[in-house]
Amino acid sequence: MLEARSVDIVMIDLMRVGGITQWLKVAGMAEAFNLPVVSHLIPEVHVHLIGAIPNGLTVEYMPWLMRLFEDVPLPQQGELVMPTRPGLGLSFDQNTLKRFRVD
């Protein structure tokens, strides 16, 4: 698609591309073609990835999984605030895990 110039913006899906390493590889390919990158779902993780690349454009904000985590990145003045905790800055919400636990 990049070589054929059939896209203007590259939307990368973290779950379908094979994880963070593969996501970064595709983002690098997009950069080689001077194309911006946007994310698809999982803004809790994508806020880091889009912020880490020079051609990052937008984090798609679909807060479907946010109940699973404590202290998720939240929008402020139209932008997601980057967590400052180590790693992805995420911790599972234990109450949510207990609620959906199967014995």
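Two strands are taken to pair if DSSP finds at least two bridges between them, and the elements themselves are DSSP runs, numbered from the N terminus, with helices being H or I over at least four residues and strands being E over at least two. The model described here is predicted, so local features need pLDDT of at least 70 and side-chain atom pairs count only at pLDDT 80 or more, while totals for chains, interfaces and linings use all residues. Residues are numbered from 1 along each chain as its sequence is written, and side-chain values use heavy atoms, with hydrogens and water left out.

In an open arrangement, 3 strands follow the order S1-S2-S3 with parallel pairing. Strand S1 (10–12) and strand S3 (56–58) form the edges, each pairing on one side only. From one strand to the next, the twist averages 40°; axes here are lines fitted to C-alpha atoms, for helices over the stretch in contact, and angles run from 0 to 180 degrees between N-to-C directions. Between S1 and strand S2 (residues 37–39), the parallel pairing extends over 3 bridges. Within S2, Ser39 is the bridge partner of Ile12.

Two helices accompany these strands. Helix H2 (residues 20–32) lies across S1 and S2 and runs at about 175° to S1. Helix H3 (residues 43–52) also packs on the sheet, where it touches S1, S2 and S3, and its direction makes about 170° with that of S2; contact means heavy atoms within 4.5 Å.

Attention now turns to the aromatic rings. Rings of Phe, Tyr and Trp (its six-membered ring) pair if their centres lie within 6.5 Å, with planes under 30 degrees apart counted as stacked, over 60 as edge-to-face and the rest as tilted. The count by this rule is 1 aromatic pair. The pair is stacked because the ring centres of Phe69 and Phe92 are 5.4 Å apart and their planes stand at 25°. Distant parts of the chain are linked in this way, with Phe69 in strand S4 (residues 69–70) and Phe92 in strand S7 (residues 91–92), 23 residues apart. Phe69 is buried at a relative accessible area of 17%, whereas Phe92 is partly exposed at 46% (buried means under 20%, exposed over 50%, partly exposed in between, with a 1.4 Å probe and protein chains only).

Asp71 sits in the loop between S4 and strand S5 (75–76) and is exposed, at 56% relative accessibility. Beyond its neighbours within four places in sequence, Asp71 contacts Arg85 and Gly89.
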